[in-house]
Amino acid sequence: MGITERWHPQDIKYQEGLAYLTNRRFIQAVEHLQGLIIQRLFELAKANIAGTGYKLHQHISSAISRRSAAIQTALKKYNQLAIIQTPPQEVLDFSKVASYAWLSEFDLLKHSRHHILEKPWVSKGNREVANNFFKIQRAHEEVQRLNVEVTWLSAWVDHEDVHLKSTFESLAESDPVLSREISHMYEERKRVNDVHRRRIHALYELSGYSGLKGMEMRGVDNDSSGDIDEMMEDLRGTRSIKADEDDALCDEADCLHACII
């Protein structure tokens with residue numbers, strides 16, 4: 001094999017190889033422990049799913065018990081290797097490992113062979129900054145999209161009112177019955193569209209609105225301060241929904257009332 005000199009414990013190559021083997025065994029112990037913990041999380045989640053039968057519950061409980069014993073054995077090996085690392089790694093106890101509820105809580109991942117501990121996103125502050133940055137980017141995109149949809153909605157409510165009104169007026173002499181029905185529909189739709197107009201006008205009054213303002217408040221109360229307040233409450237999720245605001249909710253409330261009686 002062409003080996004002319006054997007390594008001795010004092011050789012640099014020997015020490016590097018020993019450090020690699022020690023770290024490799026530690027990485028394998030970490031990955032084995034992670035796999036057992038993840039399996040335990042999935043089994044716990046399955047045990048809490050509604051509709052799981054009694055026999056399956058018993059089977060899952062037995063598997064969780066066996067998994068706990070396996071985790072304790074793997075954890076013991078992990079702790080033995082953790083203290084001889086350079087630098088020494090954190091020693092874990094079973095109560096801490098068993099309390100993990102989400103995969104994101106596994107700080108063990110930072111000890112993998114990919115040197116994740118050195119990555120910028122390991123810092124919690126960096127991750128929060130990145131998340132906020134992407135949220136802001138998506139918010140700007142959503143603003144551009146909403147500017148288009150607000151204009152579409154404004155044009156739609158105007159077109160619908162004009163179309164229904166011209167239709168029942170044109171049928172007033174030739175077909176008064178149908179004209180009357182369309183007139184009732186027009187009055188109902190106009191009340192709904194007027195709500196849309198007030199909300200759109202409230203959007204126009206927001207300081208951050210950057211879209212076109214092409215709608216006129218014809219025949220609608222121009223006081224939008226209350227609509228702006230309601231809109232902001234909707235965005236914050238603090239405004240309660242009244243049953244009479246939506247026909248479907250009204251029907252649902254009636255059915256519920258009938259069941260109670």
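These legends walk you through several close-up views of a predicted model. Residues are numbered from 1 along each chain as its sequence is written, and side-chain values use heavy atoms, with hydrogens and water left out. Because the model is predicted, local features need pLDDT of at least 70 and side-chain atom pairs count only at pLDDT 80 or more, while totals for chains, interfaces and linings use all residues.

**View 1. A nonpolar surface patch holds Trp 7, Tyr 14 and Leu 18.** Patch members have over 30% relative accessible area and no salt bridge; nonpolar side chains (Val, Leu, Ile, Met, Phe, Trp, Tyr) are joined within 5 Å, and like charges within 9 Å. A salt bridge means a side-chain nitrogen of Lys or Arg within 4 Å of a carboxyl oxygen of Asp or Glu. Leu 18 belongs to helix 1 (residues 12–47); helices (H or I, at least four residues) and strands (E, at least two) are DSSP runs, numbered from the N terminus. With 45% relative accessibility, Leu 18 is partly exposed (buried is under 20%, exposed over 50%, partly exposed in between; 1.4 Å probe, protein chains only).

**View 2. Phe 133 and Phe 134 make an edge-to-face pair.** The structure holds 4 aromatic pairs. In this one, the ring centres are 5.3 Å apart and the planes stand at 70 degrees. Rings of Phe, Tyr and Trp (its six-membered ring) pair if their centres lie within 6.5 Å; planes under 30 degrees apart are stacked, over 60 edge-to-face and the rest tilted. Phe 133 is partly exposed at 45% relative accessible area, and Phe 134 is partly exposed at 47%.

**View 3. Phe 168 and Tyr 186 form a tilted pair.** Their ring centres are 5.5 Å apart, with planes at 45 degrees. Phe 168 sits in helix 4 (residues 124–170) and Tyr 186 in helix 5 (residues 176–205), so the pair ties together parts 18 residues apart in sequence. Phe 168 is buried at 15% relative accessibility, and Tyr 186 is buried at 12%.

**View 4. The buried residues of helix 4 pack against helix 5.** Contact here means heavy atoms within 4.5 Å. Among the buried residues of helix 4 are Val 150, Val 157, Leu 164 and Phe 168; those of helix 5 include Ile 182, Tyr 186, Arg 197 and Ile 200. Helix 4, with 47 residues, reaches 67 Å from its first C-alpha to its last, close to the expected 69 Å (1.5 Å times one less than the number of residues). Helix 5, with 30 residues, reaches 42 Å, close to the expected 44 Å.

Key: Areas by Shrake-Rupley, 256 points an atom, 1.4 Å probe, with all protein chains shown as cover.
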